[in-house]
Amino acid sequence: MTKTKKIGIFLVLFMVALVLGFLLLENLGIIERVDHEEAIETKSAKELDQALRARGLDENFFKQPEKDLGKYFQENSEIIEKLSAKDPSNSYSEREADQVLKERGFKEFPLVYRYDEEGNYIGETEIDGPKKGIHPSYEMDYYDETGILWSIRITGKNLTASPIGDEQGNMFSKQIIFSEDEIMTSYDAKTGTFYRTKPKKKVLKVNRLPRIDKETLGKISKEIGGHEKI
C-alpha cells in the first residue's frame, strides 16, 4: 500500500474518532501539559475499518451533525468570542495556508479543504497552487521521519497538530492535540461562525507549543515512539 493510500485511510479513521469522541468539533481543548510517558493505546486500522463498515458509514459521515453548537459551547466551554467565517480577514486563503505550513517545514504532502468559500461541504479537495480562494479550515496529513503519521489542521487562523498512528497501520486511540494558541477555534458550518473558546477540562486536553513545526513534532514523535510498544 502506498503512503498516499495509507494517509487516506488514516484520515478517515482520525475523522471518525474525532466525531465519535467529540461530536465532530474541531480543535477543542484545555491547554495542559501532557505526560508523554503515558502509554498511548492502539487499535489496528483493519479493526476500525471493519467497525465503520458494520455501521454503514459513508462520506456523509464527515459532515457536521445537525446540532446546536452554540448551545453545546455554552454548556461545555467559556465562549471568548464569535467571529464570522464569511469575513475573509478571519481565515487564510489557500495560498496563505500553504505558505504558513511550508514555512514550518510541511511540504511533502497535499493540503486539502472540505468547505468551499461559501461554507458548503464539498468533500476533500486539494488546494490549487496559485488560487486565492478562502476556506474556513484546512488539513494536511504526513508521515515524519520516525514513521508517525500527523494530522495538521488550520481552523480560521488557529493551527493544531495531532499524532494519529504509525506507518504499520496502527492508530492511536487516545487523542493528543498540540496548539499554538491558548484559545481554541472551532467552525460551525451551519451558522458560518468561528467559536473561540476555552473548553472545560472534561472535554479534551491539549498541549500548547510556542511553534508547531516539523522539527518540533519530530522530537515529540521520538518521545512517543520511545514509550509506545506497537
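This is a predicted model: local features need pLDDT of at least 70, side-chain atom pairs count only at pLDDT 80 or more; totals for chains, interfaces and linings use all residues.
## Helix 3 and its packing

Which residues of helix 3 (residues 69–76) are buried? They are Leu69, Gly70, Tyr72, Phe73 and Asn76. Looking down the axis of helix 3, you will find these buried residues within an arc of 160°, so they line one face of the helix.

## The strands around strand 12

Let's turn to the strands. Strand 12 is mostly covered, with six of its seven residues buried. Strand 12 pairs with strand 3 in the antiparallel sense, over seven bridges, and Lys198 in strand 12 stands opposite Glu78.

Strand 11 also pairs with strand 12 in the antiparallel sense, here over five bridges. Within strand 12, Phe194 is the bridge partner of Tyr187. The hairpin of strand 11 and strand 12 has four residues between the strands, and Gly192 takes a positive phi near 65° in this hairpin.

## Asn90, a buried loop residue

Next, a stop in a loop. Asn90 lies between strand 3 and helix 4 (94–103). Is Asn90 buried or exposed? Its relative accessibility is 17%, and because the cut-off for buried is under 20%, Asn90 counts as buried. Leaving out residues up to four places away in sequence, Asn90 touches Leu83, Ser84, Gly156, Lys157 and Phe194.

Now for the cores. The largest nonpolar core has 30 residues, of which Leu101, Phe106, Tyr138, Trp150, Ile152 and Leu217 touch the most other members. At least two residues of this core come from each of helix 4, strand 6 (137–143), strand 7 (148–155), strand 8 (158–166), strand 9 (170–172) and helix 5 (214–227). Strand 7 gives the largest share, five residues.

What does Leu101 contact, leaving aside its neighbours within four places in sequence? The answer is Phe106, Leu111, Met140, Ile152, Ile154 and Leu159. There is also a second, separate core of eight residues, including Phe73, Tyr195, Val203 and Leu204. Phe73 of this second core is also one of the buried residues of helix 3. As a general point, nonpolar side chains tend to be buried together in soluble globular proteins.

Conventions: Residues are numbered from 1 along each chain as its sequence is written. Side-chain values use heavy atoms; hydrogens and water are left out. Buried means under 20% relative accessible area, exposed over 50%, partly exposed in between (1.4 Å probe, protein chains only). The arc is that of the directions from the helix axis to the C-beta atoms. Contact means heavy atoms within 4.5 Å. Two strands pair if DSSP finds at least two bridges between them. A nonpolar core is a set of buried Ala, Val, Leu, Ile, Met, Phe, Trp, Tyr and Cys residues joined through side-chain atoms within 4.5 Å.
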